[in-house]
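Subject: Structure handover

Hello,

I am passing on the structure we spoke about, with notes on what came out of it. Please keep the model open while you read.

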Amino acid sequence: MAPLDAKKVLARAVIFLGPPGAGKGTQAKLVAEKLRVPHLSTGDMLRENVGKGTELGRVAKPVMERGDLVPDDLILRMVEDRIARPDAANGFVFDGFPRTLAQAEALNRILERQDFGPPVVIFFRVADDILMRRLAGRRVCRVCSEIYNVYDRPPKVEGRCDLDGGELIQRDDDRAEVVRERLAAYNRQTKPLVEYYRSQGMLDEIDAAAGMAAVTDSVFGVLGQPKGRA
Ligand SMILES: [Zn+2]
């Protein structure tokens with residue numbers, strides 16, 4: 001009998017998918033901490049490789065400085081390099097990656113090469129009107145960068161930071177028309193990805209419109225399921 005491959009059974013490659021404003025980043029950090037596995041994002045990986053002057057970083061740097069998108073093959077090499085490190089041997093939580101169908105398929109091949117089982121993909125489902133409210137309602141203190149929301153977390157005095165009285169501003173990215181375009185772009189790009197994972201039986205959807213603690217519970221509800229589920 002072949003020995004049981006502990007990594008394949010125990011290590012979990014967890015992927016969070018969801019639109020901007022769905023709270024994936026916050027949840028990924030929290031869940032990774034509780035699982036004691038690294039929280040990975042391609043942005044952090046790029047910054048780390050550039051900062052350390054690795055071979056990949058040296059190739060990526062001029063591309064980033066031009067403001068261009070870093071090509072997939074470079075991102076994928078960085079991902080493989082990262083998840084092959086010992087601290088990821090028990091699994092990891094990926095947030096914001098993959099973004100396209102091609103990346104998802106390539107990631108599956110990487111996971112296989114690195115002896116991980118199929119990923120657990122959790123889709124954060126939130127209605128567009130709630131995302132609009134979360135994103136377009138956001139205001140940031142010009143002084144201390146504290147974040148408010150005119151609907152959900154208004155300051156005591158309109159337009160002023162509770163902490164230092166600084167002016168609260170809306171970032172360009174959070175203007176309603178920009179948010180609408182960001183969400184549309186996300187939906188266009190991500191739908192095929194969601195369909196792909198669903199067709200592979202790897203997708204779990206959670207209601208991410210609920211409060212922070214309830215969403216964390218949903219995530220752990222999914223992670224608590226046996227891996228060989230139908
Ligand atoms: Zn402030």
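The notes below go from the whole chain to the sheet and then to one residue.

Please bear in mind that this is a predicted model.

Overall chain

The chain holds nine helices and eight strands. Its C-alpha trace spans about 70 × 40 × 30 Å along the principal axes. The radius of gyration is 19 Å, which agrees with a compact globule, because a globule of 230 residues would have a value near 17 Å. Of the 230 residues, 26% are buried. Taking contacts between residues at least 6 apart in sequence, 69% join residues that are at least 24 apart.

The sheet

Five strands form an open sheet with parallel pairing, in the order S2-S3-S1-S4-S8. Its edges are strand S2 (39-40) and strand S8 (203-207), each of which pairs on one side only.

Going through pairings in this sheet:

- S2 and S3 run parallel and are joined by two bridges; Leu-40 stands opposite Phe-94 in S3.
- Strand S1 (residues 12-17) is joined to S3 by five bridges, and the two run parallel. Here Ala-13 stands opposite Phe-92 in S3.
- Strand S4 (residues 120-125) and S8 are also parallel, with five bridges between them. Val-121 is placed opposite Leu-203 in S8.

Strand S3 (residues 91-95) deserves a separate entry. How many of its residues are buried? Five of its five residues are, and the strand is described as mostly covered. Both of its faces are covered: Gly-91, Val-93 and Asp-95 are buried on one side, while Phe-92 and Phe-94 are buried on the other.

Ile-110

Ile-110 sits in helix H6 (residues 101-113). Why does Ile-110 count as partly exposed? It has 17 C-beta neighbours inside 10 Å, whereas a buried residue needs 20 or more and an exposed one has 12 or fewer. Leaving out residues up to four places away in sequence, Ile-110 touches Leu-76, Val-79 and Glu-80. Asp-81 is 29 residues from Ile-110 in sequence, and their C-alpha atoms are 9.8 Å apart in space.

Regards

Methods
Residues numbered from 1 in each chain as written. Predicted model: local features only at pLDDT ≥ 70, side-chain atom pairs only at ≥ 80, totals over all residues. Helix = DSSP H or I, 4+ residues; strand = E, 2+ residues; numbered from the N terminus. Contact = placed C-beta atoms within 7 Å. Rg over C-alpha atoms; globule rule 2.2 N^0.38 Å. Pairing = 2+ DSSP bridges.
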